[in-house]
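Biologist: Hi! Could you walk me through this one? I'd like to start with the ligand and then move on to the fold.

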Amino acid sequence: MIIVMNHAAPDSAIERVVAEIERMGNKAHLSRGQFRTVIGAVGEEGSLDQAHLSSLDGVEKVVPIMKPYKLASREFHEDDTVVPIGGGKVPVVKVGGGHALCIAGPCAVENEEMLNRIARQVRDGAATVLRGGVYKPRTSPYSFQGLGLQALKWMRATGDELGMPICVEVMDTRQVEQMEPFVDCFQIGARNMQNFDLLREVGKTRRPVLLKRGLAATVKDWLLSAEYVLSQGNRDVILCERGIKTFEDSIRYSMDVSSIPVVKHWSHLPVIVDPSHAAGRRDYVPQLAAAGMAAGAHGVIVEVHYCPSEAQCDGPQALLPEVFKDLMIKLRKIAGLFDKTFAEVGELAQA
Ligand code: PEP
Ligand code: MN
């Protein structure tokens, strides 16, 4: 249910509504818009007394949210959410609304030297956030699984050195506490989109969460997973369309471009695309990235490697650094056509 306060409602009236929501055993989530405050009351169905809430001072109206996801819905928060990534030793990069984001880097951190080299290459190509897996979800238990904590430390050091926030996948609830001090953004992989315990755990942190869409998840399922994170008090969820399984077998996954306008209609959360994992091969990546941006995505996450044939993981889909650079020039133009701007690396470095 959402409680819309009238625009002149004083803080004391807002506090009273919050207290009443909590007394009824619900959680209150505040959304302060430009003109008014909206309070989301979330809890067991039937536990809220709508008539009582409507009668409180400063309340303009009380409206039930019809969608199964509440805090993720546009009804709860009308304006696009802008998520900040970074801070501390690295600049803050924004995504959402008019802010477009480019996350790039290797699929997995293989050693310190390769990470340093690729990180510089993606920064020179105008990526503003560095990616790199340290725990890898692999189909076979005998494939490279990632270098864990050591690689996480390299990621942090590299991000700090280059002034780039880092985004790293977390696979298990037991890794959250270990990773939180190092990362600027948690990535939840497609295979973990419905790992509800993990979603709750990252929801308790104050790090942004990049939530990939599951291989067989509907947009509704995906937004309900985002709701798990939001319901724990973490407002900073970035959605990521990375392709789904369909009957089409000419490509690894079908990047569902149509999910972008749907998500933007149903939700206020930023959404980016991952053309690398959808395509599974590098020659399709630029077109899919461009399609995602043209569909209204707030940016891209792409894998880059200077020697894909030597990559331990996802080599066939990794872009060569010069191709990545060229792609970013094109994506900046497309973003401009749709009223979005990618942050400039130089501008960030001074921030
Ligand atoms: C990845 O980003 O390297 C990854 C494994 O992605 P996904 O979860 O989308 O397959
Ligand atoms: Mn990968």
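Modeller: Happy to! One term to begin with: a polar contact here is a pair of N or O atoms within 3.5 Å. Keep in mind that this is a predicted model.

Biologist: Fine. How far is ligand 1 from the side chain of glutamate 303?

Modeller: An oxygen atom of ligand 1 sits 3.2 Å from an N or O atom in that glutamate 303 side chain.

Biologist: And how much of ligand 1 does the protein bury?

Modeller: Ligand 1 exposes 300 Å² when taken alone, and the protein buries 96% of that.

Biologist: Which residues are the closest to ligand 1?

Modeller: Of the 13 residues surrounding ligand 1, the closest are Arg131, Lys136, Ala190, Lys212 and Arg242. Lysine 212 has a polar side-chain atom 2.8 Å from a ligand oxygen. Alanine 190 uses its backbone: a polar atom there is 2.7 Å from an oxygen atom of ligand 1.

Biologist: Nice. Switching to the fold, what is the strand order in the four-stranded open sheet?

Modeller: The order is E2-E3-E1-E4, with antiparallel pairing. Strands E2 (27-32) and E4 (59-63) each have a single partner strand, so one side of each is left without a neighbour in the sheet. On average, neighbouring strands are turned by 20° against each other, ignoring direction.

Biologist: How many bridges join E1 and E4?

Modeller: Four bridges, with E1 (residues 2-5) and E4 antiparallel. Valine 4 stands opposite lysine 61 of E4.

Biologist: Where does helix H1 lie?

Modeller: Helix H1 (residues 11-23) lies across E1, E2, E3 (37-42) and E4, and runs at about 150° to E2.

Technical notes. Residues are numbered from 1 along each chain as its sequence is written. Chains are lettered from A and ligands numbered from 1 in the order in which they are written. This is a predicted model: local features need pLDDT of at least 70, side-chain atom pairs count only at pLDDT 80 or more; totals for chains, interfaces and linings use all residues. Side-chain values use heavy atoms; hydrogens and water are left out. Two strands pair if DSSP finds at least two bridges between them. Helices (H or I, at least four residues) and strands (E, at least two) are DSSP runs, numbered from the N terminus. Axes are lines fitted to C-alpha atoms, for helices over the stretch in contact, and angles run from 0 to 180 degrees between N-to-C directions. Contact means heavy atoms within 4.5 Å. A residue is near a molecule or strand if one of its heavy atoms lies within 4 Å of it. A polar contact is a pair of N or O atoms within 3.5 Å; within protein, one must be able to donate a hydrogen and the other to accept it, and residues adjacent in sequence count only if both atoms are side-chain atoms. Accessible areas come from the Shrake-Rupley method with a 1.4 Å probe; for residues, only the protein chains shown count as cover.
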